[in-house]
Amino acid sequence: LQQMAKSSAPHKPKNSAINASRLMKYSRARIFQRKAAYKVKKVKTPAKKSAEKAAAAAAFVVKKIGGDKNGGERKVYKKTPKSLPTQVASRKVQLRPKKTFKKHVRRIRSNLAPGAVLILLAGRHKGKRVVLLKQLESGLLLVTGPRKLNGCPLRRVSQRYVIGTKTRIDISKVALPERLNDAYFRRQRSAKKSAASAGGSADIFAKSDAAYAVSAERREDQAAVDKALMGAIKASGDGPMLRSYLRSLFSIKSGQRPHAMVF
Amino acid sequence: MSNPAAESGSQQKLQLRSPGRMYVKAVFTGYKRGLRNQHENTALLRIEGVEKRQEVDFYLGKRCAYVYKGKRLTSVPGKGKEKSRVRVIWGRVTRPHGNSGAVRAKFSTNLPPAAMGKRVRVMLYPSRI
């Protein structure tokens, strides 16, 4: 009896799934033995629902109908379904389920660390040397010129379109605003177009491409980050050289061979 | 540091700057071939400055472009109104070819034979460094 009282306290589950699948380590019979369920007395459930069960099992349903002289009721007989499945539909066990984009593993090249100077290889800022701030949750890199030096704003950039140089700036003292994340940099779809796709009544041909205007919070964040970054550049050993380095543009000159270059 | 007036002036100057060449020069030497048969789906490129098979590793996977001009104006991708005579066939460097630094590339459509001996641009992306 004491043992029974002890077992009522929560303990480790006796059974476990194999490799995050639907299969369990122990079969039902084995668990029966392991739990010593044969010792547990079966409690008889009272027959409360027998009436409802009987109604469900009956071949017909009694329905009320209108009109006098109609008898008031009809027995509606249940029809057999037109087709019955020949096999029990078995659920496919996903031994390795599909990973959604959110769950993808984000990797970063070992030479790309916050504070590294990168060379942008494509896009409107190609050739510019920019400072890597951090890797965002989507895996994209957050960089900034700083804008004062080379006109590159706070921007997301893909690792694949970037050469990581050995040059490093110590940005441990640079505090990045909390709100700089993927949602902040996400491209804004015009409101009218989204309304049209949702409601369907808005005029889809209405031209709603207003020129892109830099938002106040962008200016604010840019100024804050750049100020801190310029401070870090100044504080580092070779401030003036770093400044002119970040202002300069990269290109392949005659006789240069990228495969032999040390970046 | 610098006064605001000079800064705005320099900003304008910065915007007009463009970098120089951001690609490596290569030449389309011919299609992959045996002596008497050629397979046009694979192009052979000779990249400038690459003389050995060991040096080719950097360029594997890099995107390459054959840029040429047509007679008709065609629309520029990304800019609806603009039209240009410049056209591109994009491809990628796939593997080395031989021991002397030549390289095989596959393009979205086979390179036209008129491109033989002409410039192909090997970009620096997708970057692995």
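**Stop 1: the cysteines**

Select Cys64(B) to begin: this residue is buried, at 0% relative accessibility (buried means under 20% relative accessible area, exposed over 50% and partly exposed in between, with a 1.4 Å probe and protein chains only). Then jump to Cys152(A), which is buried as well, at 0% relative accessibility. Searching the whole structure over all chains for disulfides gives zero, where a disulfide is a pair of cysteine sulfur atoms within 2.5 Å.

Some ground rules before you move on. This is a predicted model, in which local features need pLDDT of at least 70 and side-chain atom pairs count only at pLDDT 80 or more, while totals for chains, interfaces and linings use all residues. Residues are numbered from 1 along each chain as its sequence is written, chains are lettered from A and ligands numbered from 1 in the order in which they are written, and side-chain values use heavy atoms, with hydrogens and water left out.

**Stop 2: chain B as a cartoon**

Helices (H or I, at least four residues) and strands (E, at least two) are DSSP runs, numbered from the N terminus. Trace chain B along its sequence and the pattern reads α-β-β-β-β-β-β. Chain B has 129 residues, of which 37% count as buried.

**Stop 3: aromatic pairs**

Now for the rings. Over all chains, a search of the whole structure turns up eight aromatic pairs. Rings of Phe, Tyr and Trp (its six-membered ring) pair if their centres lie within 6.5 Å; planes under 30 degrees apart count as stacked, over 60 as edge-to-face and the rest as tilted. Pick Phe32(A) and Tyr38(A): their ring centres are 6.5 Å apart and their planes meet at 55°, so this pair is tilted. Phe32(A) is partly exposed, with a relative accessible area of 45%, and Tyr38(A) is exposed at 55%.

Next, select Tyr161(A) together with Tyr125(B). This is another tilted pair, 5.0 Å centre to centre with 35° between the planes. The pair crosses between chains: Tyr161(A) is in the loop between β6 (155–157) and β7 (162–168) of chain A, and Tyr125(B) is in the segment after β6 (119–123) of chain B. Is Tyr125(B) buried or exposed? Tyr125(B) is buried, at 9% relative accessibility, whereas Tyr161(A) is partly exposed at 30%.

**Stop 4: cis peptide bonds**

Pro126(B) belongs to the segment after β6 of chain B. For another cis bond, go to Gly145(A) and Pro146(A), where omega is about 0°. Pro146(A) sits in the loop between β5 (141–144) and α4 (147–150) of chain A.

**Stop 5: lysines over rings**

Show side chains for Lys75(A) and Phe60(A): the lysine lies over the face of the ring, 5.2 Å from its centre. Here, a charge sits over a ring if NZ of Lys or CZ of Arg is within 6 Å of the ring centre and within 35 degrees of the ring normal. In chain B, Lys62(B) lies over the face of Phe58(B), at 4.7 Å from the ring centre.

**Stop 6: a pocket**

Which residues lie nearest the centre of the second largest pocket? Select Lys126(A), Val76(B), Pro77(B), Lys79(B) and Trp90(B), which hold that place in a lining of 26 residues. Pockets come from a 1 Å grid over the protein atoms alone: a pocket is an open set of points where a 1.4 Å probe fits, with protein on both sides within 12 Å along at least five of seven lines, and lining residues have an atom within 4 Å of a point. In chain B, β3 (63–76), β4 (79–97) and β6 each supply at least two lining residues, and β4(B) gives the most, with six.

**Stop 7: positive phi**

Finish in chain A with Ala20(A), whose phi is positive, near 55°, in a residue other than glycine. Ala20(A) is in the loop between α1 (2–7) and α2 (28–34), and is exposed, with a relative accessible area of 72%. Ala36(A), also not a glycine, has a positive phi of about 55°. Look for Ala36(A) in the loop between α2 and α3 (50–57) of chain A, where the residue is buried at 17% relative accessibility.
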